[in-house]
Amino acid sequence: MEDNIFLKDENQLSLKQYMNYHEGGRKNLGDSVPIAVYRMLEYSIRKQLEEQFGKDVQKEVMLTVAEDADCSGLPLLGETVCNYDEGFISGILSSYMGKQYEAVEINCWATGDRVCRFQADIKER
């Protein structure tokens with residue numbers, strides 16, 4: 001990842017700074033997220049995949065998340081931080097599409113983007 005010009009003279013964040021969220025960053029989620037959010041995410045991804053492609057068709061997938069529970073509202077960190085989501089998305093796609101997928105976060109709130117975007121491709125063996 002390229003050096004971020006906004007972080008040029010910044011010190012590493014403390015845990016207290018990291019745990020504080022930016023008020024404007026989570027307009028819908030707020031400061032806590034119930035498990036129902038992840039269950040709805042899993043259900044909606046599955047439903048969309050089946051409706052658009054059927055269960056047997058394998059495709060490249062691009063997923064954009066407006067308010068990611070992992071990072072929306074975090075200060076600028078200069079690196080992607082949604083590793084849990086990468087695994088979550090990889091697992092859902094692999095399970096429902098019948099082939100092994102690998103999801104990689106390509107845009108993140110913590111790098112200065114205001115959405116998180118994940119590229120998921122079928123894993124080459």
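**Exercise 1. Is V104 buried, partly exposed or exposed, judged by relative accessibility?**

The model is a predicted one, in which local features need pLDDT of at least 70 and side-chain atom pairs count only at pLDDT 80 or more, while totals for chains, interfaces and linings use all residues. Residues are numbered from 1 along each chain as its sequence is written, and side-chain values use heavy atoms, with hydrogens and water left out.

Step 1. Buried means under 20% relative accessible area, exposed means over 50%, and partly exposed lies in between, with a 1.4 Å probe and protein chains only.
Step 2. V104 has 40% relative accessibility and therefore counts as partly exposed.
Step 3. V104 belongs to strand β2, residues 101–107, where helices (H or I, at least four residues) and strands (E, at least two) are DSSP runs numbered from the N terminus.
Step 4. Together with M62 and I106, V104 forms a nonpolar surface patch with about 250 Å² of accessible area. Patches are made of residues with over 30% relative accessible area and no salt bridge, like charges being joined within 9 Å and nonpolar side chains (Val, Leu, Ile, Met, Phe, Trp, Tyr) within 5 Å. Accessible areas come from the Shrake-Rupley method with a 1.4 Å probe, and for residues only the protein chains shown count as cover; a salt bridge is a side-chain nitrogen of Lys or Arg within 4 Å of a carboxyl oxygen of Asp or Glu.

**Exercise 2. How many disulfides does the structure hold?**

Step 1. A disulfide is a pair of cysteine sulfur atoms within 2.5 Å.
Step 2. The sulfur of C71 has its closest cysteine sulfur in C116, at 3.2 Å, which is too far for a bond. C108 is likewise in no disulfide, the nearest cysteine sulfur, that of C71, being 3.7 Å away.
Step 3. The structure holds zero disulfides. C71 is buried at a relative accessible area of 1%, and C108 is buried at 0%.

**Exercise 3. Describe the surroundings of E124 on the surface.**

Step 1. E124 sits in the segment after β3 (116–122) and is exposed, with a relative accessible area of 74%.
Step 2. E124 gathers with E60, E102 and D121 in a surface patch of negative charge. Asp and Glu count as negative and Lys and Arg as positive, with His and the chain ends not counted; the charge is placed at NZ of Lys, CZ of Arg, CG of Asp or CD of Glu.
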